[in-house]
Amino acid sequence: MATVLLVEDEEVQRKVLEATLRSGNHQVLLSSNGAQALVVAKDKRPAIIVADYNTPKVNGAELCKKVRADKSLDGVYILVITAEAGDSKRIDSILAGADDFLRKPVQKDELLNRVEIGLKVRDLREEASELRRKAERQEATQEALVAALEAAVRGFESAAARFAAEDPDGAHEALRSSHEELRLALSRVVLPDGGA
Amino acid sequence: MARVLLVDDDEDSRQVLEAILRYEGHEVVLAANGRQALFVLQQATPEPGASLPDIVFSDIQMPGMSGTEFCRTIRKDPALRDTYVILATGYDTPESRTEGIASGADDYVGKPVRADELHARIRLAMRVRGLHRDVAELKRRLAEGERTARELEGFAARTTKLRGDLSEKLGSLLDASRRGLEEVRRGEAKPALETMERLAGAIEALRASVAPRESPNPET
């Protein structure tokens with residue numbers, strides 16, 4: 001079960017498609033045009049947008065472009081319903097923003113199958129995004145730790161040099177500050193088991 | 001562009017589909033039934049990566065081994081189970097349309113196959129394969145990062161201990177230097193001198209303990 005945003009300007013068609021999606025146990029959000037759909041999408045974050053290609057105000061292609069340009073809607077799967085499919089150039093222009101297309105008249109099982117395939121792709125995208133975020137966080141904390149360790153080693157060298165210059169208080173100060181840097185860095189390290 | 005293994009027993013269909021795929025710029029490998037397709041995949045697997053097809057596009061109804069049997073067979077084979085399979089299914093009933101998905105295919109196209117639909121499904125397949133590659137690469141990076149984190153944690157722990165040892169040594173040296181100063185002030189020159197000598201020795205030891213190790217001379 002997923003939240004599906006259905007964008008269709010024709011009322012009868014919208015009701016038929018809504019009933020089909022509900023029969024697949026999906027929660028359905030409704031919009032009659034692209035402009036309204038964009039507002040609903042930002043607010044409700046659907047897993048999938050099923051959009052008629054020819055809707056007034058903001059059409060399917062423009063809706064795709066706007067959704068793809070919005071970072072907060074990253075990963076959403078877009079299935080476009082089109083009356084005239086045609087050659088691969090036209091399909092390319094549809095799929096520049098959408099993930100898949102479905103030809104009218106829409107068969108009930110066909111719509112549900114394409115939504116199921118879309119959900120798998122969307123889950124895969126979510127997984128990739130989460131892993132990417134984790135990897136970036138991990139790399140950032142490691143870079144910070146390496147920098148702090150280098151600073152700690154420089155602190156030791158500075159402490160030894162100050163002590164050799166008969167400045168024991170300065171040596172103590174150098175050690176104290178390098179220790180503080182190290183403590184801060186260690187507190188930021190995120191290990192896989194959650195320990196620091 | 002994709003490398004597609006096209007499986008169809010009907011020569012005319014095979015030629016038409018091959019022409020569509022080549023027109024779109026895809027590389028095409030041909031097989032006439034599921035058994036032949038299985039052989040092509042099994043021959044390709046010992047050579048890592050390069051020669052494996054990105055996608056198998058197969059008809060369902062074929063003599064020898066049908067598309068659904070082929071699909072079920074490769075899903076059981078650890079070396080082949082991740083192959084992306086699109087089946088060309090009948091388009092008369094919902095059952096015939098979903099037969100492909102039920103047998104474990106990743107996607108399907110209803111027959112007669114239309115060029116725009118095939119193009120869209122292959123495009124989607126390449127996106128999915130790209131996502132799988134991204135996920136595998138990110139998992140590898142994270143595992144490597146976890147190993148590095150453990151090494152860094154060990155190094156940080158050693159550094160903290162070293163800092164503790166140095167602090168202790170510096171503390172005792174600071175005490176000794178103050179003692180020496182007091183002895184000088186009190187005019188006790190000899191003990192002061194001895195203290196200062198001990199201090200100088202300790203400083204040298206301290207410097208040696210934190211100094212970077214000299215790299216080995218390549219000529220020796």
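Let's start with chain B. It has 220 residues, and 30% of them are buried. Keep in mind that this is a predicted model.

Now the layout. How many helices and strands does chain B have? The count is 6 helices and 5 strands. Read chain B from the N terminus and the order is β-α-β-α-β-α-β-α-β-α-α. So much for order; next, contacts. Take the contacts in chain B between residues at least 6 apart in sequence. Of these, 54% join residues at least 24 apart.

Next, confidence. Overall, the model scores ipTM 0.79 and pTM 0.77. The average pLDDT of chain B is 82. A score of at least 70 is reached by 77% of its residues. Where does pLDDT stay under 50 in chain B? Look at residues 215-220. There the model has 0 contacts beyond four places in sequence.

Over to chain A, and helix H3. This helix covers residues 60-69. Which of its residues are buried? They are Gly60(A), Leu63(A), Cys64(A) and Val67(A). Look down the axis of H3(A): the buried residues fall within an arc of 100°, so they line one face of the helix.

How values were computed: Residues numbered from 1 in each chain as written. Chains lettered and ligands numbered in written order. Predicted model: local features only at pLDDT ≥ 70, side-chain atom pairs only at ≥ 80, totals over all residues. Buried ≥ 20, exposed ≤ 12 C-beta atoms within 10 Å, placed from the backbone. Helix = DSSP H or I, 4+ residues; strand = E, 2+ residues; numbered from the N terminus. Arc of directions from axis to C-beta. Contact = placed C-beta atoms within 7 Å. pLDDT = per-residue confidence, 0-100.
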